[in-house]
Amino acid sequence: MAGERFPKSVKYIVSNEACERFSFYGMSTILVPYMQASLGWDHERAGAAYHYFVAAAYAATIIGGWISDRFWGRYKTILILSYGYVLGHAILSGADLAPSLRVGCLYLGLAFVVAGQAGVKPNLSAFVGDQFKKDQLHLIDRVYSLFYIAINIGSAASQIATPWLLAGCGGLCSGSGIAWGFGVPGILMALSLVIFLSGRSTYVRIPPAGRDPNGFAAVLSSRLSKGDAGARAQHGDEAVDGMTSVFKIAGVFAPIITFWALYFQYGSSWFNQAEKMNLDVFGWHMEPAQMEALNAILILLMVPLFSYVI
């Protein structure tokens, strides 16, 4: 039955996500070791720069989602900002060509990566859902499980590979480990863009909604200036109740901020802890940053265990 098959576009989107996650996690995994070893920054400065970058990357997703909903739609937003994503990786990998410009290239490259995240992170997961017709909605859970697996395959592979590349590939890499460490994630991001473009004829593209006179900001402004009764008279009960529910939902999710603040220590303080540990595992010497892959590896083991056994 046709309704039992994924839309043709899904394979392009899921493959795109795996490559994009390889590029992001691969690059971010080696940021702190790069800043400490190559730029000579201490733990505090390198850790602070890393966390500012992560915070900016995820905060920018709000802007990317707004651009998509208001102006460009998901497909165009992902596509346009992905070009900046690729450029950011190129700047990071080429920084060693001009050692005196390393710091400037670091900030510029990260800024373009943040812009790329703004396009991909809030829109790609929703874009895969757009591809399903009503008679295929029962496949949504399955496709998002594949999507999540693709994310963790990309992140696990990159977090194993890029620290090894940055360290010189065990002596196999010719030239700078910096170029290889940042360059391979850049190649995967370019491949991600190529895959995304390859599926362009198969995509369902929902147009942007445009300006909503009853949107959150408009209703909130009316509520503050005219009171509840005035806002309801202007926008209707449903819009005002929807605006109010946002704050209730935010209250539920607010404690999760603590979890993510701790989670992203994997790229900073936990890396510095790994530097002090015995990293020889059954005769194999692990790079400190490679320990960050354990999270994604455990997820890949736990998802099928919990889905099909427990």
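1. Phe259 sits in helix α10, which covers residues 256–263. Helices here are DSSP runs of H or I with at least four residues, strands are runs of E with at least two, and both are numbered from the N terminus. Phe259 has a relative accessible area of 48%, so it counts as partly exposed. The scale is this: buried means under 20% relative accessible area, exposed means over 50%, and partly exposed lies in between, with a 1.4 Å probe and protein chains only. Phe259 and Tyr107 are 152 residues apart in sequence, and their C-alpha atoms are 27 Å apart in space.

2. A word on the source. This is a predicted model, in which local features need pLDDT of at least 70 and side-chain atom pairs count only at pLDDT 80 or more, while totals for chains, interfaces and linings use all residues. Residues are numbered from 1 along each chain as its sequence is written, and side-chain values use heavy atoms, with hydrogens and water left out.

3. Now the overall fold. The protein has 12 helices and two strands. Read from the N terminus, the order is α-α-α-α-α-α-α-α-α-α-α-β-β-α.

4. Next, overall dimensions. The C-alpha trace spans about 70 × 55 × 40 Å along its principal axes.

5. What share of the 310 residues counts as buried? The share is 45%. The accessible surface comes to about 16,200 Å², and carbon and sulfur atoms hold 66% of that surface. These areas come from the Shrake-Rupley method with a 1.4 Å probe; for residues, only the protein chains shown count as cover.

6. Contacts also tell us about the chain. Among contacts with a separation of 6 or more, 75% join residues 24 or more positions apart. Contact means heavy atoms within 4.5 Å.

7. Look inside. The largest nonpolar core has 58 residues, and Met27, Leu31, Tyr34, Met35, Phe53 and Leu106 touch the most other members. Helices α1, α2, α3, α4, α5, α6 and α7 each supply at least two residues of this core. Helix α3 gives the most, with 14 residues. A second, separate core has seven residues, including Phe22, Cys169, Leu188 and Ile195. A nonpolar core is a set of buried Ala, Val, Leu, Ile, Met, Phe, Trp, Tyr and Cys residues joined through side-chain atoms within 4.5 Å.

8. Take Leu31 as a landmark. Which residues does Leu31 contact, leaving aside neighbours within four places in sequence? They are Tyr50, Phe53, Leu106, Leu110 and Phe182. Trp164 is 133 residues from Leu31 in sequence, and 13 Å separates their C-alpha atoms. Trp164 belongs to helix α6. Its relative accessible area is 39%, so Trp164 is partly exposed.

9. Val103 lies in helix α4. With a relative accessible area of 33%, Val103 is partly exposed. Beyond neighbours within four places in sequence, Val103 is in contact with Leu39 and Trp41. Val103 and Leu39 are 64 residues apart in sequence, yet 7.5 Å apart in space, C-alpha to C-alpha.

10. Check Phe282. Most residues other than glycine have a negative phi. Phe282 has a positive phi of about 50°, although it is not a glycine. Phe282 is in the loop between β1 (280–281) and β2 (284–285). Is Phe282 buried or exposed? Its relative accessibility is 88%, so Phe282 counts as exposed.

11. His285 is in strand β2. His285 is partly exposed, because its relative accessible area is 46%. Not counting residues up to four places away in sequence, His285 touches Leu279 and Asp280. His285 and Thr258 are 27 residues apart in sequence and 33 Å apart in space, C-alpha to C-alpha.

12. Last, charge. The protein has 21 positive and 19 negative side chains, and the centres of the two sets lie 10 Å apart. Lys and Arg count as positive, Asp and Glu as negative, and His and the chain ends are not counted. Each charge is placed at NZ of Lys, CZ of Arg, CG of Asp or CD of Glu.
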